[in-house]
Structures are given as C-alpha cells and as structure tokens.
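Here is a friendly walk through one structure, a few residues at a time. Have the sequence and the 3D view open as you read.

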Amino acid sequence: MSRLCEGRVAVITGAGRGIGREYALMLAEHGAKVVVNDLGANPDGSGGDIGPAGEVVEEIRAMGGEAVVNGADVSDFEAARAMIHQAIDTFGTLDILINNAGILRDRMLFTMDEVDFDTILKVHLKGTYAPAHHASAWWREQTKAGKTFDARIINTSSPSGIFGNVGQTNYGSAKAGVAAFTIIAAMELARYGVTVNCIAPGATTRLTAGLTEAPELNPEQSETTSPRWIAPLVTWLASPEAANVTGRVWLAGFGVIAIAEGWTRGPMAELESYDPTVLGPVVADLMAKAKLNADISGLPADGPGRPSHTI
C-alpha cells in the first residue's frame with residue numbers, strides 16, 4: 001500500500017476517541033508521526049482523563065508507528081503553543097495540524113445559559129484559533145529563515161454550522177465561525193506553503209449519539225455511520241497530493257464526500273428610492289426566486305427524496 005503521509009509530522013486534537021482517533025490511526029498507518037492530543041473531557045467539557053489519548057498512542061506504536069501523548073486544553077493559548085512545539089521538539093518539524101477537539105452543550109436559545117454559549121465558542125472557535133496561530137507563526141518564521149513547507153491545517157466544522165440545527169445556536173455559531181476562519185486563513189497562509197481546509201463530518205460518536213431519532217439500521221447501514229469513513233479524506237488532504245486544495249469546506253461521512261458550496265449572492269433587485277414602503281412586493285419577488293436554505297442534510301428542504309443516510 002502506498003503511504004500518503006510518510007515521514008510527515010501531525011498534531012491532532014481531540015484524538016483520544018471517535019473521529020479524532022480514526023484520524024490518528026489512519027495517518028499513522030500512512031507513515032505520519034503523531035502528537036495525539038486529548039484533554040479527555042466528558043461530552044459537555046467537564047472532567048479530564050488523558051488515558052484515551054495514551055491508548056491511541058499505544059495502538060500506533062504497536063503497529064510500528066511513532067506517537068506521543070498531549071493532554072492540553074486547546075483553548076488555552078499557552079498550552080496550545082506548548083503542544084505545537086512538542087511536535088517540533090519531538091519530531092523535528094510540523095507538517096499537519098488537525099483541529100478536531102470539541103464538546104456539546106445543546107440548549108434551546110431561550111434556556112441557554114451564558115456559560116453554555118461561552119464555553120462552546122471557547123472550545124471550538126478559540127480551540128481552533130490557538131493551535132493554528134502558533135503553528136502558522138512557526139511556519140512563517142521558518143519560511144522567512146529560508147525553509148519551505150508543504151503544510152496543512154485541517155479544521156472541523158459541522159453540518160450544524162453550515163446548514164443549522166435546532167438546539168445548537170452555540171455550537172452552530174462556533175462551527176460556522178470555523179468555516180469562515182478556514183476560508184480566510186487559507187488566503188493568508190498560501191504564501192507560506194500552508195493549505196487550510198475544513199471538514200463538516202457526519203458519523204455516530206459519543207457526541208452525536210441521541211441527537212436525532214435515526215431510523216433502525218441493518219448491519220451494513222450501521223457500518224457506514226462509523227467515523228472511520230471520514231478519515232480517508234482527511235488523510236488525503238494531509239498528504240502532498242493535496243497541495244492545490246485549499247480554502248474548502250468538505251462534507252464527509254456515511255461513505256460520501258462532498259464540497260459544501262458557500263454563500264453566494266442570489267436574486268437581486270435595484271432600488272429606486274429610500275422608501276421602505278415599496279419593498280413588500282420587491283422582497284416577495286426575490287423570495288420567490290431564491291433557493292430555500294438547505295436542511296441539516298445539506299439538501300434543499302423542498303428537494304426530491306434523499307438516501308437513507310446523508311451528511
């Protein structure tokens with residue numbers, strides 16, 4: 001088997017369980033040296049246990065790979081800096097940063113506490129910014145010193161952030177921010193040999209279990225919900241083959257990959273005055289011409305029948 005990431009050094013956050021664990025194992029299978037980060041918190045962010053991250057490291061070493069544990073809180077700016085430099089100090093460089101750590105505190109807007117909103121944005125949005133800041137600062141510094149890179153940042157959004165989902169104004173806002181962060185960071189870092197992409201994953205994990213009432217699945221269908229289906233795209237994006245792919249938000253899971261097409265200007269009307277009283281029929285005409293927002297599956301809410309599983 002061709003190894004796509006031979007000799008490359010990766011930091012993967014939230015890699016002790018679920019989707020992140022699959023990233024770590026598959027990148028290691030393809031030759032990457034991995035810093036396995038996981039605070040080991042509960043799904044709501046409480047507690048901590050680096051045991052799962054250590055287990056992933058042992059799995060990688062058992063297959064003949066190289067990996068080390070990191071238990072940093074990725075939203076802690078200085079801890080994120082130390083995590084990035086642990087990779088550099090341990091393995092000599094950094095090629096890949098995968099920001100995957102996350103928690104959930106779902107509430108309806110009218111019952112959501114301030115702490116539930118702030119904590120989600122801190123973990124998901126600042127927890128993407130902090131590692132990416134320190135990694136990109138190092139790449140920029142090294143580039144100015146004459147080195148060249150073919151580096152990767154791969155962030156994690158969500159269908160909730162792209163399309164919306166009831167009960168997740170905090171999580172969806174953070175994940176929409178990660179998607180925008182990705183697009184802008186891709187513009188800023190291209191000159192330093194760094195691509196920036198984003199995954200909106202779909203899978204059954206301890207975070208997503210119970211969020212929706214899924215239909216009963218047969219064994220073959222159930223296997224397609226595994227987070228293992230997301231890892232191939234991320235492994236490929238992390239490889240040198242993906243050097244010309246940047247600034248994209250990808251949907252992955254359930255045996256499907258797709259590109260999420262971003263906001264574009266739809267139907268337009270020219271205004272002839274400042275008078276708001278004339279806007280009723282103008283807006284009605286625009287609404288009639290505009291596409292409906294997609295639902296959580298990414299497909300138009302009034303579209304044709306869809307497969308039993310969509311991202």
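## Ground rules

A residue is called buried when its relative accessible area is under 20%, exposed when it is over 50%, and partly exposed in between. Please keep in mind that this is a predicted model.

## Helix α1 and its surroundings

Let's begin with helix α1, which runs through residues 18–29 and has 12 residues. From the first C-alpha to the last, α1 reaches 17 Å, close to the 16 Å expected at 1.5 Å a residue.

How much of α1 is buried? Nine of its 12 residues are, so the helix is largely enclosed by the rest of the structure. The buried residues are Ile19, Gly20, Glu22, Tyr23, Ala24, Leu25, Met26, Leu27 and Ala28. Their cover includes the strands β1 (9–12), β2 (33–37), β4 (96–98) and β6 (194–201), along with the helices α2 (51–62) and α8 (231–237).

Across the whole structure, a search finds 11 salt bridges. In one of them Glu59 pairs with Arg21, and the closest N and O atoms are 3.0 Å apart. Because Glu59 sits in helix α2 and Arg21 in helix α1, this pair ties together parts that are 38 residues apart in sequence. Both partners are partly exposed: Glu59 has 32% relative accessibility, and Arg21 has a relative accessible area of 25%.

Is Glu22 buried or exposed? With a relative accessible area of 11%, Glu22 is buried, whereas Arg228 is partly exposed at 27%. If you trace these side chains in the viewer, you will find that Arg21, Glu22, Glu29, Glu59 and Arg228 are linked in a network of salt bridges.

## Around strand β5

Now turn to Thr156, in strand β5 (residues 151–156). Thr156 counts as buried because its relative accessibility is 7%. Which backbone atom does its side chain reach? That atom is the backbone oxygen of Asn99, at 2.6 Å. Setting aside neighbours within four places in sequence, Thr156 is in contact with Asn99, Asn100, Lys175, Val178, Cys198, Ile199 and Pro201.

There is also a salt bridge to look at here, in which the side chains of Asp150 and Arg152 meet at 2.9 Å from N to O. Asp150 is partly exposed, with a relative accessible area of 29%, while Arg152 is buried, with a relative accessible area of 0%.

Met287 counts as exposed because its relative accessibility is 62%.

As a general point, an α-helix has 3.6 residues a turn, so residues three or four places apart point the same way.

Note on methods: Residues numbered from 1 in each chain as written. Predicted model: local features only at pLDDT ≥ 70, side-chain atom pairs only at ≥ 80, totals over all residues. Heavy atoms only, no water. Buried < 20%, exposed > 50% of the residue type's maximum accessible area, 1.4 Å probe, protein only. Helix = DSSP H or I, 4+ residues; strand = E, 2+ residues; numbered from the N terminus. Expected span 1.5 Å × (residues − 1). Contact = heavy atoms within 4.5 Å. Polar contact = N/O pair within 3.5 Å; in protein donor to acceptor, adjacent residues only side chain to side chain. Salt bridge = Lys/Arg side-chain N within 4 Å of Asp/Glu carboxyl O.
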